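Please walk me through this model. Begin with its sheet, then turn to its surface.

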Amino acid sequence: MGVRQRVRSFFSPPRGARLWRRVLPWGTLLAAFVVIFMSGSAAWEYTNSPQFCGTTCHTMPPEYSAYQVSPHARILCVECHIGRDFMGGGFVLRKAGDLKHVFATVFSTYKFPIYADEMRPARETCERCHSPEKFANDSFREIKRYASDVNNTPTSIYLSLKTGGGTKRQGLGLGIHWHIESKVYYLPLDPPLDQSIPFVRVVDDTGKTTDYVDVGSNIDPAKIDPSKLQEMDCMTCHNRITHLIPSPDDGMDQLLARGIIATTIPEIRLRGGTALKTHYDTTQQAMDGIAALKGFYQQTYPDFYAAHSDQVTAAIAAIQDTYKTTFFPEQQEDWATHPNNVGHKLTAGCFRCHDGKHMDAQQQPIRLECNLCHSIPVVVGPDQFVAKIEISRGPEPQSHLNANWLGQHRFAFDSSCAACHTTSNPGGHDNTSFCSNSACHGNTWEYAGLNAPGLPNILKSQLPTPVPTLAPVSGGALTYNDTIGPLFQARCSGCHGDTAIQGLKLTTYQTAMAGGKDGPVIVAGDPANSLLIKKQSGAQPHFAQLTPDELKLVTDWIKAGAPEK
C-alpha cells in the first residue's frame, strides 16, 4: 500500500471501524493545530520582543545599548516603531511592511549610519501613556559638572524647568508643552534629521496664522507646498529619549557624579574625556588606548597610583564600558550621529526655531529667551555652601517684554540694569553677579542666530530709549521740576513710568502725589509716614534702590512740603 493510500486510509477509516479509529484522525489534526498555533504565537511574540530587535540584526548594537538604560527600557520596541493596535488591524500590515528591513539586511542594501524614518505619529504612540493635556508643574533640576583640571573641580548648575502643558480649556497650555497643545507647523529641509528649519507657522485658536521665516533664508511663504509642512509633536523634541547616547563630556560627568569614578583621581575628568574623544578604528583599538591611562598615572602620579591603583583600575574599566555604549566604529555611529533635540548646546535643538532670527512680518521673532522654558541658571562652586537661586516673579520693564530682548540686551546695558540685577563684570563668566553668569556667557552658543546677517540692524532699530545720565544730587532747586522729577525719571521710570506698575506713576508731579493702588506714597511734610521712604529705607531692598545721597535728597524734599516748582 502506497503512502497516499495509507494517508487516505488514516483520515477516512472504513465503515464499522472502532470508535478510537474514527476519533484518531481528528485528534491528530487538533494536536497539529495546537502545536502550530503555540509555536506560531511564540514566534510572533519573539519577533515583537526587544531581544529580537536588538540582537538578531547586527546593525542594532548602538540603539539596543542605549535602549537598555533608557526610561523606556521596559517598553516593547514595536509599541513605538509600529504602534499599538488590534492584531487583525493595521498592526499586522505595518509589521509586514518592515519586511523591507529584513530584505535590506539579507542582501546588505543598507548603508551606515542608519537613520529611522516613517515613524508612527506621537498621538498613536507616546500619547498612549503621556498625555500632553495633563499639566506638569515646574521641576527643579541640578546639573553636576566637573572641570578639566587637576582636582576635577565640581560645580552645580541649578534651574527650574518650566514643563507646563495642560489643556487650554482649563486656562493652561503653558510652558514647554505649549508646543503640543498649540498648532505649530514647520518646514524641515533635511528629513529625517530635521535640523534645518527655515520656516515655522503658528495657528491660534481663531484660525489666524503667523508665519516666521529665517532672515538668512530665501524662503517665500507663498510658495511653500503645505504638504511639506510637519506638525510639531512629542518626537519633534524628544527624538532620542529611548536611544540617547551621551557625549564624552556628559559621560565623564555622570561617572564622577555617581561615584563610579573617584573624584580624587588627579586629572581623571580631562584624561578620561580625552581618551573617549580620540578617534579609534576599532573597538579593540579603543580598549587599548583607554587602558594606556594606567601608564600615564604610573609615570605622572606615581605616589597616588601606588596608594590608589584600585581606583585607577576601576576608572579605566568604567571609561572602557562607557566607550562600548557610546562609540560603535563598525556601525559608523557615535553620540554625535543622531542629534538630540532636547537642549540647545551640542546640537541645535530648541534653537532650530528659537534662535532669534525667525521673524514674522512685523520683525518680531520666535522668542530667544533664557527664561522662556527654564529659569536663569545659577552656577555654584564647591566654596559656596548656600546657593542663591533667583526665580523671577516681579514686574518686568517694558524693554524686557520685547520679543527681541535677549538679542538687544547686549546693546542696551546701562546703569538702569543695576536697579534689579547685580552687574559687576558684565558679560563675564566668573559668577560674581547676575551679569557674569558662566552658564550664559561662559559658553559658545553655536546655534543661536544673534549674529545672523542683517539681524543686528533689526535689533538696534528696536532698542529702548537710553536712560538719561543722572543729574548731580545737589546744585538745583529742591523742587520736583528741577531735581526730584529727573531723579524719578532716571531711577524709577522702568516700572513707575508709563507702565505704572501698581497704579503708581512717578514721572509727573500730579501722578506722583496721587499715589497708586495702596494710596499716596508721598505725604508732604511727613517723610516718616511716606510709603516711598518706607520702601526705600526698609530692610528688603527695592527694585530701583536709591543711593543714600539720593534717598536723603527725596527725604529733604518731602520734609520741605514736596514742592512742584
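In what order do the strands of the open sheet of 3 strands stand? The order is E1-E2-E10, and the pairing is antiparallel. Strands are DSSP runs of E with at least two residues, helices are runs of H or I with at least four, and both are numbered from the N terminus. Two strands count as paired if DSSP finds at least two bridges between them.

This is a predicted model: local features need pLDDT of at least 70, side-chain atom pairs count only at pLDDT 80 or more, and totals for chains, interfaces and linings use all residues. Residues are numbered from 1 along each chain as its sequence is written, and side-chain values use heavy atoms, with hydrogens and water left out.

Strand E1 (139-146) and strand E10 (378-380) stand at the edges. Each has a single partner strand, so one side of each lacks a neighbour in the sheet. From one strand to the next, the twist averages 25°. E1 pairs with strand E2 (residues 154-161) in the antiparallel sense, over 8 bridges. Arg 141 stands opposite Leu 159 in E2.

Now the surface. Val 3, Val 7, Phe 11, Trp 26 and Leu 29 make a nonpolar patch of about 550 Å². Patch residues have over 30% relative accessible area and no salt bridge, and nonpolar side chains are joined within 5 Å. Helix H1 (3-11) and helix H2 (19-47) each supply at least two residues of the patch. H1 gives the largest share, 3 residues. Phe 11 is found in H1. Phe 11 is partly exposed, with a relative accessible area of 39%; partly exposed lies between buried (under 20%) and exposed (over 50%), with a 1.4 Å probe and protein chains only.

Conventions:
Axes fitted to C-alpha atoms, helices over the stretch in contact; angles between N-to-C directions. Patch = residues over 30% accessible without salt bridge, like charges linked within 9 Å, V, L, I, M, F, W, Y side chains within 5 Å. Areas by Shrake-Rupley, 256 points an atom, 1.4 Å probe, with all protein chains shown as cover. Salt bridge = Lys/Arg side-chain N within 4 Å of Asp/Glu carboxyl O.
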